[in-house]
Every structure is written in structure tokens, then in C-alpha cells.
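Q: Hey, can you walk me through this one? I'd like to go over the helices and the charged pairs.

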Amino acid sequence: MSVHDDLTAIQRSLDDLARSVGRLERRLGSGALDVRRVRTDADHLRESLALLRAAAAPDAPSRPDLVPIPDTPYDGSLWTDSDDEGLGARDRRAP
């Protein structure tokens with residue numbers, strides 16, 4: 001199966017899920033917390049699938065290359081004139 005076929009199959013399953021949740025809401029009422037949670041989760045799945053479809057589209061923009069960050073410590077001179085977060089400048093007292 002291709003990615004497109006898999007996404008289409010998932011869409012059909014989510015459509016079935018939405019119909020089943022709708023029937024369940026009609027029987028149990030939409031005010032129950034558990035039913036609202038299931039409805040919300042089903043909606044989130046639909047949104048996630050839409051994002052997957054957009055990412056899998058042939059004309060989707062490619063993701064930028066990752067930039068590796070070295071594990072070596074930074075040069076201490078980068079921080080000589082910086083403020084310590086929440087403490088202020090090094091030569092002054094904190095408020």
C-alpha cells in the first residue's frame with residue numbers, strides 16, 4: 001500500500017469513528033464528560049490526520065536541515081556583559 005492509500009484508509013476509519021461517537025452521543029447525551037472526551041479525542045485525531053496529509057503531499061515544503069549542537073561548553077567570554085536571569089547584572093544587587 002502507498003502512503004496515500006494508508007491515509008485514505010485511516011480517513012475512512014476516522015469517519016466511521018465519528019459516526020459511532022455521534023450515535024453514542026445521541027444515546028447517552030452530549031453532556032457527559034466521558035462522551036465529550038471521546039468526541040474531543042476523535043476531533044484531535046482528525047486534525048492530526050489532516051496534518052499528516054499535508055506533510056505527505058508531494059508538493060509539501062521540505063523540512064529544514066537540522067543543525068547539530070556540539071556538546072562542548074560555550075566560550076565563557078560570550079557571557080561577560082550579560083545579566084543573570086532574575087538576578088540582574090553581576091556588579092549590582094538583585095532587586
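Predicted model: local features only at pLDDT ≥ 70, side-chain atom pairs only at ≥ 80, totals over all residues.

Q: Ok, so is Arg-46 buried, partly exposed or exposed, and why?

A: Arg-46 counts as partly exposed because its relative accessibility is 33%.

Q: What does Arg-46 pair up with?

A: Arg-46 makes a salt bridge with Asp-15, and their closest N and O atoms are 3.0 Å apart. A salt bridge here is a side-chain nitrogen of Lys or Arg within 4 Å of a carboxyl oxygen of Asp or Glu. This pair links distant parts of the chain, with Arg-46 in helix H2 and Asp-15 in helix H1, 31 residues apart. Helices are DSSP runs (H or I, at least four residues), numbered from the N terminus.

Q: And how exposed is Asp-15?

A: Asp-15 has 24% relative accessibility, so it counts as partly exposed.

Q: How many salt bridges are there by that rule?

A: The count is three. Another one joins Arg-39 and Glu-25, at 3.0 Å from N to O. That pair also links distant parts of the chain: Arg-39 sits in helix H2 and Glu-25 in helix H1, 14 residues apart. Arg-39 is partly exposed at 21%, while Glu-25 counts as buried at 19%.

Q: What about Asp-16 and Arg-19?

A: Their side chains meet in a salt bridge too, at 2.2 Å from N to O. Asp-16 and Arg-19 are three residues apart in helix H1, so about one helical turn separates them.

Q: Switching topic: how do H1 and H2 cross?

A: The axes of H1 (residues 3-28) and H2 (residues 33-56) come within 10 Å and cross at roughly 165°. Axes are lines fitted to C-alpha atoms, for helices over the stretch in contact, and angles run from 0 to 180 degrees between N-to-C directions.

Q: Which way do they run relative to each other?

A: H1 and H2 are therefore roughly antiparallel (under 35 degrees is roughly parallel, over 145 roughly antiparallel, 65 to 115 roughly perpendicular and the rest oblique).

Key. Residues numbered from 1 in each chain as written. Heavy atoms only, no water. Helix = DSSP H or I, 4+ residues; strand = E, 2+ residues; numbered from the N terminus. Buried < 20%, exposed > 50% of the residue type's maximum accessible area, 1.4 Å probe, protein only.
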